[in-house]
Amino acid sequence: MPRAGLSPDGVVDAAITIVDADGPAALTLSAVAAKAGVQTPSLYKHVRNLAELRQLVTLRVIEELTERLGEAALGRSGDDAVRAIMRAYRSYVVDHPGRYAAMDQAPDPEPRMENAADRLVGIILATLRAYELDDDGLIHAARALRSTSHGFAILEASGGFGLPQDLETSYELLIRMVISGLHQP
């Protein structure tokens, strides 16, 4: 019988709190149980194991990132939409470096994960449809946009930019470079 007040979402909430505070390496079932105020065996009523919990954390992060990018792109198109989603991507990673680092970057064929990833990629593809790209070009552009946003944000969140030049200026240059590339089909 599941403990009153504890649910799969509550377990994921506790896991997110842990990875936000201490990073993905700190995510253990015993740490989650302690955060939730239960004994570790109580978690098995809500998640099968640590692997499933990690998968649920990934799902939550993908859903949050999808929401952030969707809100950023809403009502925008073309260059303005690309600029907005790149800024939203970066801000999500910088705002939540622990949970973003806990997200599994590899595709997962589990239906919930696949659907969530498809929604995230769908926002990026929809944004890029404003450019004269064929189907392959859309995928290449989506990969370029994701990898540049991901790379910059990961480096920023981990303190990887040690030089004093303004990061906003650097990121704006990166955005302009991506947009310029999109205009060169």
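User: How do the residues lining the largest pocket divide into nonpolar, polar and charged?

Analyst: The classes first: Ala, Val, Leu, Ile, Met, Phe, Trp, Tyr, Cys and Pro count as nonpolar, Asp, Glu, Lys and Arg as charged, and the others, Gly among them, as polar. In this predicted model, the lining has 15 nonpolar, 2 polar and 6 charged residues. A pocket here is an open set of 1 Å grid points over the protein atoms alone where a 1.4 Å probe fits, with protein on both sides within 12 Å along at least five of seven lines; lining residues have an atom within 4 Å of a point.

User: Which residues are closest to the centre of that pocket, and which element gives the most to its lining?

Analyst: The pocket holds about 560 Å³ of space. Of its 23 lining residues, Gln105, Pro107, Ala117, Val121 and Arg146 are the closest to the centre. Helices H4 (50–73), H7 (111–128) and H8 (135–157) each give two or more residues, and H7 gives the most, with 7.

User: At what angle do H1 and H4 pack?

Analyst: Angles run from 0 to 180 degrees between N-to-C directions, with axes fitted to C-alpha atoms over the stretch in contact. H1 (residues 8–22) and H4 pack at about 80 degrees, their axes 10 Å apart, which means H1 is roughly perpendicular to H4 (65 to 115 degrees). The contact has 8 nonpolar, no polar and 3 charged residues.

User: And how do H8 and H9 cross?

Analyst: The axes of H8 and H9 (residues 167–182) come within 11 Å and cross at roughly 170 degrees, so H8 is roughly antiparallel to H9 (over 145 degrees). Phe152 in H8 and Leu174 in H9 are among the contacting residues. By class, this contact has 7 nonpolar, 3 polar and 1 charged residues.

User: Where is confidence lowest and where highest?

Analyst: pLDDT is the predictor's confidence in each residue, from 0 to 100. Helix H3 (residues 40–43) has the lowest mean, 92, and H5 (residues 78–95) the highest, 98. The chain averages 94, and 97% of residues score at least 70. Local features need pLDDT of at least 70 and side-chain atom pairs 80 or more, while totals for chains, interfaces and linings use all residues. Residues are numbered from 1 along each chain, and side-chain values use heavy atoms, leaving out hydrogens and water.

Key
Grid points are joined across faces, edges and corners, and a volume is the space filled by probe spheres set on the points. Helices (H or I, at least four residues) and strands (E, at least two) are DSSP runs, numbered from the N terminus. Angles under 35 degrees count as roughly parallel, over 145 as roughly antiparallel, 65 to 115 as roughly perpendicular and the rest as oblique. Contact means heavy atoms within 4.5 Å.
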